[in-house]
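Have the model open and follow along.

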Amino acid sequence: MTEPAHPLPMRVPLAGLPARVRVHEVGPRDGLQNEPAVVPVEVKAEFVRRLAAAGLTTVEATSFVHPRWVPQLADAEELYPRVRDLAPDVRLPVLVPNERGLDRALALGAREVAVFASATESFARANLNRTVAEALAMFEPVVARAREAGARVRGYLSMCFGDPWEGPVSPAQVVDVCRALDAMGCDELSLGDTIGVATPGHVTALLTALAEAGLPADRLAVHFHDTYGQALSNTLAALQHGVTTVDASAGGLGGCPYAKSATGNLATEDLVWMLHGLGIDTGVDLGRLTATSVWMAERLGRPSPSRTVRALAHDASHKEQ
Ligand code: MG
């Protein structure tokens, strides 16, 4: 008997969905930032390059946060110059927590930055040691100066659906913070379900509330976590609402320190399998991407939690040899 063919999803479109989705790959930053063992900078650079070679057009490379807060990303100054030649074909956003971080990023030629706000007071306090309003005030000059420098700015918003201390988060509360980020000049807002509690009706309710507040789907990205197995259902709800930018992490790398379970970020492979099955173009080569996640999992010393990576890993490891 011959070997079965490399499996691919059957392409069966569903009415009312976008023709193309931009995957915003967060593996090198959001995926690695909570890894306890420091990954060598050469491995990180190779990871970014392999993701780009797999067809990802946006790869969030690192964070210019103070090294004390995220030791894993303390090598941002060494990493960014190793990958910046990928731009402008590949967009390489970097997280900047404050003006100092922005200065460091701009000095290295970053053309796209992201700030990280919270929809809830509890998480703003835990993550930024500030109130929501104080955090927004801190970001205002960061966004203004980034835009003056010609850089594109993404505003991340955490805890858009639920908060581990406060419980459910109302769409109205999220709308208020989104409006503030929009008013200061963010080009795109990424709605984070940091603890993975959202379900599709909640996603639709929030996106509807944002549209009514003058923030249409083309200004938004969604950042779902798969903690409760809802990330793809929620993504489909967002696509039905017109969202065309979806955040995901190769191999499902990265959890949330506030949700103590193994499963965190939506795996890029799981997302791409669904999108390609729906006939939605991403430009991503699923085989190459899976091979990259298998390679990275070997470096981290544990298997990827992604269902799709696990299902395809046998083929991918053959391709790697
Ligand atoms: Mg995440």
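Val 59 sits in strand β2, which covers residues 58-59; strands here are DSSP runs of E at least two residues long, helices are runs of H or I of at least four residues, and both are numbered from the N terminus. With a relative accessibility of 0%, Val 59 counts as buried, a label that means under 20% relative accessible area, while exposed means over 50% and partly exposed is in between (1.4 Å probe, protein chains only). What does Val 59 touch, once neighbours within four places in sequence are set aside? The list is Glu 25, Pro 28, Val 48, Leu 51, Val 90, Arg 91, Leu 92 and Pro 93, where contact means heavy atoms within 4.5 Å. Take Pro 93 from that list: 34 residues separate it from Val 59 along the chain, yet their C-alpha atoms are 6.8 Å apart.

Before going further, a word on what you're looking at: this is a predicted model, in which local features need pLDDT of at least 70 and side-chain atom pairs count only at pLDDT 80 or more, while totals for chains, interfaces and linings use all residues. Residues are numbered from 1 along each chain as its sequence is written, and side-chain values use heavy atoms, with hydrogens and water left out.

Now move to the loop between α3 (76-83) and β4 (94-95), where you'll find Pro 88. The peptide bond joining Ala 87 to Pro 88 is cis, with omega at about 5°. Asp 89 is in the loop between α3 and β4 too, and at 70% relative accessibility Asp 89 counts as exposed.

Most residues other than glycine have a negative phi, and most peptide bonds are trans. Asn 129, not a glycine, has a positive phi of about 55°, and it lies in the loop between α5 (121-128) and α6. Met 159 isn't a glycine either, and its phi is positive at about 60°; you'll find Met 159 in the loop between β6 (152-158) and β7 (162-163). Which of these is buried and which is exposed? Asn 129 has 59% relative accessibility, so it counts as exposed, whereas Met 159, at 0%, counts as buried.

As for Met 296, it touches Leu 32, Val 39, Val 43, Phe 47 and Leu 253, leaving out residues up to four places away in sequence.

Finally, zoom out. The protein has 12 helices and 11 strands. Its radius of gyration is 19 Å, close to the 20 Å the globule rule gives for 321 residues, so it's as compact as a globular protein of that length; the radius is taken over C-alpha atoms, and the rule is 2.2 Å times the number of residues to the power 0.38. Buried residues make up 55% of the 321.
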